[in-house]
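Subject: Handover of a protein structure

Dear colleague,

Please find the structure below, together with its sequence. I would ask you to keep it open while you read the notes that come after it.

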Amino acid sequence: MNKNDEKTKIWPVDSARAESQEEGDFGDTTTVEMDRERFTGEVPVALRAYFEIISSDGKNELFELGEREISIGRSPRCDIHLPSESVSRRHARVTFRNEEYFIEDLDSTNGLYVNGIKVEKCVLRNNDQIEIGGEKILFNEERTLQKKDGIAE
């Protein structure tokens, strides 16, 4: 017998209880599914989201995002105008739904990349790096809890 064997204690197994647990009966306890809002209450969150459009000359631009749809492309009519020949006229759009931002490729010629992966549509997360026709955009999202009177904690 080695030193580890001396410290190891073997517990007897109650075979009836083990069989019962395999069938899904774990005794007298039950788990009750709780509604998230009932459990946490209403959690007021302030959201600020924006794009940082990375420029080769070092003069980055910020574009604040709200709840309305945003179009991105080479066309001057787009909300975010990227005047590069490798960007399609209407390249992508950003939508806000269920407290999340989504970006979607609009059948562009050169595609939409998020964190180096070509995507058709995806949810954006803080610090995601977007590439549209060689142009780089950084997605930033700040969420802060607020007190009920509307002042941030």
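Predicted model: local features only at pLDDT ≥ 70, side-chain atom pairs only at ≥ 80, totals over all residues.

Residues are numbered from 1 along each chain as its sequence is written, and side-chain values use heavy atoms, with hydrogens and water left out.

Overall make-up

The protein has three helices and eleven strands; helices (H or I, at least four residues) and strands (E, at least two) are DSSP runs, numbered from the N terminus. Along the sequence, the order is α-α-α-β-β-β-β-β-β-β-β-β-β-β. The average pLDDT, which is the predictor's confidence in each residue from 0 to 100, is 82 for the protein, and 68% of the residues score at least 70. Confidence is lowest in helix α1 (residues 3–7), with a mean of 54, and highest in β7, at 98.

Of the 153 residues, 27% count as buried. Here buried means under 20% relative accessible area, exposed over 50%, and partly exposed in between (1.4 Å probe, protein chains only).

The core

The largest nonpolar core has 24 residues. Such a core is a set of buried Ala, Val, Leu, Ile, Met, Phe, Trp, Tyr and Cys residues joined through side-chain atoms within 4.5 Å. Phe51, Ile72, Ile103, Ile130 and Ile132 touch the most other members. Among the elements that give two or more residues to this core are β1 (45–54), β6 (100–105), β10 (129–132) and β11 (135–145).

Which residues does isoleucine 130 touch, not counting those up to four places away in sequence? The partners of isoleucine 130 include Phe51, Ile103, Leu112, Val114 and Phe139, where contact means heavy atoms within 4.5 Å.

Aromatic rings

Rings of Phe, Tyr and Trp (its six-membered ring) pair if their centres lie within 6.5 Å; planes under 30 degrees apart count as stacked, over 60 as edge-to-face and the rest as tilted. By this rule there are three aromatic pairs. In one of them, the rings of phenylalanine 51 and phenylalanine 139 have centres 6.0 Å apart and planes at 70°, so the pair is edge-to-face. Phenylalanine 51 lies in strand β1 and phenylalanine 139 in strand β11, so the pair ties together parts that are 88 residues apart in sequence. Both phenylalanine 51 and phenylalanine 139 are buried. Ring pairs also link Phe51, Phe96, Tyr101 and Phe139 into a cluster.

Salt bridges

Side chains of opposite charge can pair when their charged atoms come close. A salt bridge is a side-chain nitrogen of Lys or Arg within 4 Å of a carboxyl oxygen of Asp or Glu, and the count comes to seven.

One of them joins arginine 48 and glutamate 64, with the closest N and O atoms 2.7 Å apart. This pair links distant parts of the chain, as arginine 48 is in strand β1 and glutamate 64 in strand β2, 16 residues apart. Arginine 48 is partly exposed, with a relative accessible area of 33%, and glutamate 64 is partly exposed at 42%. Arg48, Glu64 and Glu142 are linked in a network of salt bridges.

Another salt bridge is formed by glutamate 141 and arginine 143, whose closest N and O atoms are 3.2 Å apart. Is glutamate 141 buried or exposed? Glutamate 141 is buried, at 13% relative accessible area, whereas arginine 143 is partly exposed, at 42%.

Yours sincerely
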